Amino acid sequence: MPSPSLTVNGRTVPLDGVPAHTTALDWLRESGLVGAKEGCAEGECGACSVLVARPGTTTPTRWTALNACLVPVLALDGQEVVTAEGLGTPDDLHPVQHEMAVRGGSQCGYCTPGFVCSMAAEFYRPDRAPGEPTPEHGANGFDLHALSGNLCRCTGYRPIRDAAYALAAPDADDALAGRQTRPAPAATPTDVPGFARPADLPAALALLAEHPDAVVVAGSTDHGVEVNLRGLRARQVVAIDRLPELHGVSVTDEVVEIGAAVTLSEVAARLDGAVPLLDLLLPQFASVLIRNGATLGGNLGTGSPIGDAAPVLLALDASLVLVSAAGEREVALADYFTGYRRSVRTAGELIRAVRIPQPQPGLVGFTKIAKRRFDDISSVAVAVGVDVVDGEVTRATIGLGGVAATPIRARATEEALVGARWPDVAAAADVLAGEGTPLDDHRASAAYRRAMLRQSLLKIAAAEVPA
Ligand SMILES: Cc1cc2nc3c(=O)[nH]c(=O)nc-3n(C[C@H](O)[C@H](O)[C@H](O)COP(=O)(O)OP(=O)(O)OC[C@H]3O[C@@H](n4cnc5c(N)ncnc54)[C@H](O)[C@@H]3O)c2cc1C
Ligand code: FES
Ligand code: FES
């Protein structure tokens, strides 16, 4: 197996001897590329944003912005990265750098390289096209959500938005736009002390059987925080984010299947509206920077009671395909969680895919109560799927997050809803306020959580009136 290496701004550099816990950000900065900054080291500020060449959905390659502070650099073996230094130079600024400079988008400059990389990813979005402006889209088609993971402490966002909305299309001879027309680097198998990227699922399962204490990493948006803030130093890391068997997305009349390692940004693009409840969830799931790495497998793999995917997938009656060296089994998500951060998944077992039965519910709703609109963990999350026939609820499935040690189905409320006249759900909303065992903690009080449960159903019903 060749030694690991990374192509940065067009130059291929060896990654020999790099420890498994070294992040791409630390490695870049130690290599002298100090444009990307560490603001928070936990994915919240975007000062570390860089561009990575990933397979695209509409072009062979898509420049994808990622938080370099979260990704182990070894996970980028064989890949291509562009940093702010690679976009342009002081004498030859890239269009996004030029617009940021002339429109006053940078004062102290600490956040600027990160903004510039996130902005460049949106500049190169293949389907960005001029259109009617909205509060969050420029007339040039620039979607401001691309900057949802970037914080600026001193400039103020108006000049940054001005810069974004002033961007034209890339020039015909723009090298990075041209790069998107050629295939992205394939996933490179990696095997160095402490870090392995197996070539396929059988190799990954064999490795996990050999190292039952290995730490599995997909997008590393949770793992990176554990490494940076809680000092996790795994003896063996197994990267599964590029395993082809975990990358399928298929939609049939019977079932929608989503590979556990498909990033959330890709899930939205590849499903293209096939699961309306996911379309409500995904824009509220962290920032674009996080969604470009985060996966469903990672969200469910931690067993967190406040992960946002679980309530939505519970409301869709989803199941998980678990796979180990012993074979495959399917487990209803409602039976998956067994306690706080515990599940039926055994050591050496991976989530291969999520299965969602068809047809999709006729009406869906999702409410996430969090302190920040984007990029924040929920205090309470409520996902609802109902079928309504002639104004009467015939089927209801409700998933809740943040109100118990595990994500739960709101079974009593589901029963109370069936037979109710939609949208007259006040009685069922009272039942919902009593579901689970919400705690008082730093995010919210138990009383607030109960009030939000009740309010969420009323709000969802008011918004969703059948045609
Ligand atoms: C700034 C920030 C904002 C966030 N906002 C949200 C939010 O709004 N909502 C929310 O729910 N979460 C949020 N998160 C948490 C995180 O992004 C999600 O949980 C994400 O889905 C994790 O996916 P990942 O691929 O990055 O997981 P990783 O970090 O790669 O892995 C996390 C864990 O899951 C396990 N794992 C990964 N894949 C599998 C698999 N296929 N099978 C078995 N186990 C697996 C790993 O062992 C690891 O322990 C946020 C995180 C950050 C840093
Ligand atoms: S340093 Fe803040 S997101 Fe990476
Ligand atoms: S320019 Fe100072 S933090 Fe953004």
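Colleague: Where do I start?

Modeller: Residues are numbered from 1 along each chain as its sequence is written, and chains are lettered from A and ligands numbered from 1 in the order in which they are written. Since the model is predicted, local features need pLDDT of at least 70 and side-chain atom pairs count only at pLDDT 80 or more, while totals for chains, interfaces and linings use all residues; side-chain values use heavy atoms, with hydrogens and water left out.

Colleague: How many residues surround ligand 1?

Modeller: A residue is near a molecule if one of its heavy atoms lies within 4 Å of it. Here 34 residues surround ligand 1, and the closest are Ala218, Thr221, Asp222, Thr295 and Asp308.

Colleague: Which helix gives the most to the shell around ligand 1?

Modeller: Helices (H or I, at least four residues) and strands (E, at least two) are DSSP runs, numbered from the N terminus. Helix H12 gives the most, with four residues; H12 covers 296–301.

Colleague: What polar side-chain atom lies 2.7 Å from an oxygen atom of ligand 1?

Modeller: A polar contact is a pair of N or O atoms within 3.5 Å. The atom belongs to Lys368. Taken alone, ligand 1 exposes 980 Å², and the protein buries 93% of that (Shrake-Rupley method, 1.4 Å probe). Backbone atoms take part too: a polar one of Val216 is 3.0 Å from a ligand oxygen, and one of Ala286 is 3.1 Å from a ligand oxygen.

Colleague: Now the sheets. How do strands hold together?

Modeller: Strands of a sheet pair through backbone hydrogen bonds, either parallel or antiparallel. Two strands count as paired if DSSP finds at least two bridges between them. One open sheet here has five strands in the order S10-S11-S16-S12-S13, with antiparallel pairing.

Colleague: Why is one side of S10 and of S13 left without a neighbour in the sheet?

Modeller: S10 (249–251) and S13 (327–332) stand at the edges, each with a single partner strand, so one side of each has no neighbour in the sheet. S10 joins S11 (255–259) over three antiparallel bridges, and Val249 has Ile258 in S11 as its bridge partner.

Colleague: What is the order of the strands in the open sheet of four?

Modeller: That order is S17-S18-S19-S20, again with antiparallel pairing. The edge strands are S17 (363–369) and S20 (408–409). Seven bridges join S17 to S18 (380–389), and Leu363 has Val386 in S18 as its bridge partner.

Definitions and conventions: A polar contact is a pair of N or O atoms within 3.5 Å; within protein, one must be able to donate a hydrogen and the other to accept it, and residues adjacent in sequence count only if both atoms are side-chain atoms.
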